[in-house]
Amino acid sequence: MISYIIVSYNTSEFTQNTVETIIKNCSDCEIIVVDNNSSDNTVNDIQNRFAEFIDSKLFVIACGENNGFSKGNNIGAERARGDYFVFINPDTVVVSDIGAQLKTIAETKYKNKKVILSPQILNPDYTEQHCMNLFPFAGLMLFFKKAIKQINLKSNKKYIKSDWVTGVCLAMTKEVYGQLNGWNEEFDLYSEDLDICYRLKKNLHGQAIVCRQLKLVHYGNQSGKKVYATNYASYKKKSNSLKKFFLLHSTEKRFIKWLKFCKRYNNSEELERYYGELTGKIKNEDSKI
């Protein structure tokens, strides 16, 4: 059985749509929605709309607090009965039996290998959305990997190795999930996908892979839009989460070096402000973000 695990926070309409498309298109599966104490009636909306599937194919876990994305995924995984886990965002549209397809690929092409698989993510207009990423460590290897990545993207390859894939949809066996000790709950939102793929590579000698022939539509950052009042608040949260990744797996000095690298090649007002606050060149106006 395949377990689809969805963490929701104030995304009732989007979550319902994701659940509906999974029910419509996916076989041999269960759906577990972990709601992080939404205030938009998500839990009741789902239970009412899909009443016939509740406690048979669809399970809703109503949390009394916002546990964050990583812990929410772990809560869902603890409840899951399947041997293959698909962690999927609540603002996606499933257009095929994607879990079964990913599981088949894992069992055939990558049999006996430690892999995290992702479909090719699409924007709502069906253009490709960025989902392949390099580990954020500056150096000559980064430029080499970027060149290889561009070559792969322009080719007709069905499977492309990636350092890490975005958390929109990550699929893995229950065994790999257990060997990784699940999602790192140090991360409540952002960089948890980077962290789990990094640990896959470092600890299990595994590989994240994008299966480009499989498609998943993603609307993007629906929960984040409701949490952060400004673009900079969202940017700072993402950057602080990346800083946490560096502190866990490298050093703060290397994080600052990474920021300098980014400033040199792709600077922005948000990056300039964040770098200034971090290094003390600009007064930190909101240390709580």
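**Exercise 1. Find which backbone oxygen the side chain of S70 reaches, and at what distance.**

Solution. The side chain of S70 reaches the backbone oxygen of F187 at 3.0 Å. That is a polar contact (a pair of N or O atoms within 3.5 Å; within protein, one must be able to donate a hydrogen and the other to accept it, and residues adjacent in sequence count only if both atoms are side-chain atoms).

The model is predicted: local features need pLDDT of at least 70, side-chain atom pairs count only at pLDDT 80 or more, and totals for chains, interfaces and linings use all residues. Residues are numbered from 1 along each chain as its sequence is written, and side-chain values use heavy atoms, with hydrogens and water left out.

Helices (H or I, at least four residues) and strands (E, at least two) are DSSP runs, numbered from the N terminus. S70 is buried, with a relative accessible area of 0%. Buried means under 20% relative accessible area, exposed over 50%, partly exposed in between (1.4 Å probe, protein chains only).

Last, list contacts (heavy atoms within 4.5 Å). Beyond four places in sequence, S70 touches W183, N184, E185, F187, D188 and E192.

**Exercise 2. Decide whether D35 is buried or exposed, and find its side-chain partner in a polar contact.**

Solution. Start with the location: D35 is found in strand β2, residues 29-35. Its relative accessible area is 3%, so D35 is buried. Its side chain joins that of S8 in a polar contact of 2.7 Å. Now look along the chain. Y9 is 26 residues away from D35, yet their C-alpha atoms are separated by 6.0 Å.

**Exercise 3. Work out how β2 is enclosed and which strands pair with it.**

Solution. Count first: 7 of the 7 residues of β2 are buried, so the strand is largely enclosed by the rest of the structure. Then take the faces. C29, I31, V33 and D35 are buried on one side, and E30, I32 and V34 on the other.

Now the pairing (at least two DSSP bridges between two strands). Strand β1, residues 2-8, pairs with β2 in the parallel sense over 7 bridges. Here I2 stands opposite C29. Strand β3, residues 58-62, runs parallel to β2 and is joined to it by 5 bridges. In this pair, I32 has F59 as its bridge partner.

**Exercise 4. Find which residues K243 contacts beyond four places in sequence.**

Solution. K243 lies in helix α9, residues 231-249. Its contacts are E252, F255, Y274 and L278.
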